[in-house]
Amino acid sequence: MASQHPNARPHTRGLIHRNVRLTSRYVIISNDLAQHPDLTVAAVGLAVIIQSLPAGASVGIKALAARTKGLSEMRIAAALRELEAAGFLARTRERLPDGRFVPRTISYNRPGADREAARETPKARETPKARETREVGEAQEEPPAPKALERRPVPPAAAPAPAPTPPAPTRSPLPERHRAAASLLAGLRGREPRLLLSEPDVRRLAPGVTEWLERGAHPEAVSRTLCAALPHDLAHPAGLLAHRLAALMPPPLPPGPVAPPRPDPLQNCDDCDHAFRAPEPGLCGGCRASAAA
């Protein structure tokens, strides 16, 4: 029979934590975020990065794309929308005194942290000995000074009305010449989801596509060329399309062949009534020779 060791350390299954006490360069993350059942790993990781940044840091999509690896701007935008829906992020626009608008991002370590009332700390239970000591001390105190005149509570000031949201800037309509090109660019995401373009990008790239179409390129051939062999880590689809439109521009179509001259119409000879070709009616060649003889 094998000998038993009652003092042996039991085997631990699963995760083992070996932590040290951190005194600098750390951020506290709640389990509400780390173990959120509806957030993707990309959204949780992005929230951790945002909460670790100092106040005033830039947290735009391009700035976050520069801090992360393997996440495209499209994936970062989707993760930010997840955090907004879960209440861990709020993105607004703040109006400056000069009339300009600047983006404002608020990060919450717990959803609703700025709206929840502060919890009061419960009072400790007083022991009989502590109560006796307090009563003796109160008996030895001097009589209290006369009360001052009561100050009436000042009613809270009404909250300022929110600033009206400025109307969205109106864009000039796209010229009729570029509308077919804009439709082609907007439909690229149906063929390749990574080619999701914003409206300003479509308006900027439309003249290049129009030039392809005017040089005789078929719309299907243009779409196939722009969507072919995309890189797996595509971060700026508009920049890639602008490069391809300029670098792969097809040459203009060559001029068509010159049409041969049209033959003279058929005429009936005034003498023998035979048909012959001539610019005007008259005698055929034989009749003219006989007449000359």
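**Figure 1. The salt bridge between K62 and E73.** In this predicted model, K62 forms a salt bridge with E73, and their closest N and O atoms are 3.3 Å apart. A salt bridge here is a side-chain nitrogen of Lys or Arg within 4 Å of a carboxyl oxygen of Asp or Glu. K62 lies in helix α3 (residues 61–67) and E73 in helix α4 (residues 73–86), so the pair ties together parts that are 11 residues apart in sequence. Helices (H or I, at least four residues) and strands (E, at least two) are DSSP runs, numbered from the N terminus. A search of the whole structure finds 11 salt bridges. Side chains of opposite charge can pair when their charged atoms come close.

Residues are numbered from 1 along each chain as its sequence is written, and side-chain values use heavy atoms, leaving out hydrogens and water. Because the model is predicted, local features need pLDDT of at least 70 and side-chain atom pairs count only at pLDDT 80 or more, while totals for chains, interfaces and linings use all residues.

**Figure 2. Helix α2 against helix α4.** The axes of α2 (residues 41–52) and α4 come within 9 Å and cross at roughly 80 degrees. Axes are lines fitted to C-alpha atoms, for helices over the stretch in contact, and angles run from 0 to 180 degrees between N-to-C directions. The angle makes α2 roughly perpendicular to α4; angles under 35 degrees count as roughly parallel, over 145 as roughly antiparallel, 65 to 115 as roughly perpendicular and the rest as oblique. On α2 the contact (heavy atoms within 4.5 Å) is made by A42, A43, L46, A47 and I50, and on α4 by R75, I76, A79, L80, E82 and L83. These residues divide into nine nonpolar, no polar and two charged. Ala, Val, Leu, Ile, Met, Phe, Trp, Tyr, Cys and Pro count as nonpolar, Asp, Glu, Lys and Arg as charged, and the others, Gly among them, as polar.

**Figure 3. Helix α6 against helix α8.** α6 (residues 179–186) and α8 (residues 199–214) pack at about 110 degrees, with their axes 8 Å apart. The two are therefore roughly perpendicular to each other. The contact is made by A181, A182, L184 and L185 of α6, and by residues of α8 including V202, L205 and L213.

**Figure 4. Helix α8 against helix α10.** α8 and α10 (residues 237–247) pack at an angle of about 20 degrees, their axes being 10 Å apart. They are therefore roughly parallel to each other. Among the residues in contact are R204 and W212 of α8 and L241 and R244 of α10. The contact divides into seven nonpolar, one polar and three charged residues.
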